[in-house]
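Please open the structure in your viewer and follow the selections below in order, beginning with the whole chain and ending at a single side chain.

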Amino acid sequence: MDTVSFLKRLGALLGLALLQVLFLNRINLFGYVTPLFYIWLIVRSDTSMSRSSVLLWSFFLGLAIDLSTGTPGMHAASATLLGLVQPPLINLFVTHDRRDVIRPGRISMGQGAFAGYIFVATVIHHMTYFLLRSIPLEDWFVLVAKVVLSSLLTFVIMLVVDISFSKSDRSRHPVK
């Protein structure tokens, strides 16, 4: 990874960690719904990154959230698991003829494939995080509600952000 892309990724990691800790963690709708948007960095990691790089970035992103929120390794564990399954998930949702180097998004993967990919990735991350957070497990209903509702909110936010970025990219670089 060259210096410029490393610094961009580091800036994104710090920006997403700050956004999550300072703003998004304060959202707690109905006691169940908290968007965990910081996984955007992991979900959008392109396929040219080595698997170990994705795992390291995922771990350090989760660790930054853990250190800021006092959660003992819950975010690091769930983010690292997402980093582990991210490459196979992309392969699951991308057709064989489009597997060159892909930066996951609606434009590169197609709307349906990208939506499916981020939905499954979000559910995997959120299920891991909320399961770790609710040990010892006392109420399955609360766990399922937190996973489902937080996953849906995070999923919608990711779709909106991707639509916003793809529109701004098109206005800066019009298709000829």
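**The whole chain**

Of the 176 residues of the protein chain, 40% count as buried, where buried means under 20% relative accessible area with a 1.4 Å probe and protein chains only. This is a predicted model in which local features need pLDDT of at least 70 and side-chain atom pairs count only at pLDDT 80 or more, while totals for chains, interfaces and linings use all residues. Residues are numbered from 1 along each chain as its sequence is written, and side-chain values use heavy atoms, with hydrogens and water left out.

Switch to a cartoon view: the protein chain has seven helices and zero strands, helices being DSSP runs of H or I with at least four residues and strands being E runs of at least two, numbered from the N terminus. Along the principal axes, the C-alpha atoms occupy a box of roughly 55 × 35 × 30 Å.

Next, display the contacts (heavy atoms within 4.5 Å): of those in the protein chain with a separation of 6 or more, 69% are between residues 24 or more positions apart.

**One buried side chain**

Now select helix H6, residues 111-133, which holds Ile118. Is Ile118 buried or exposed? Ile118 is buried, because its relative accessible area is 0%. Finally, draw a C-alpha to C-alpha distance from Ile118 to Met158, which gives 7.9 Å in space for two residues that are 40 residues apart in sequence.

Technical notes. Buried means under 20% relative accessible area, exposed over 50%, partly exposed in between (1.4 Å probe, protein chains only).
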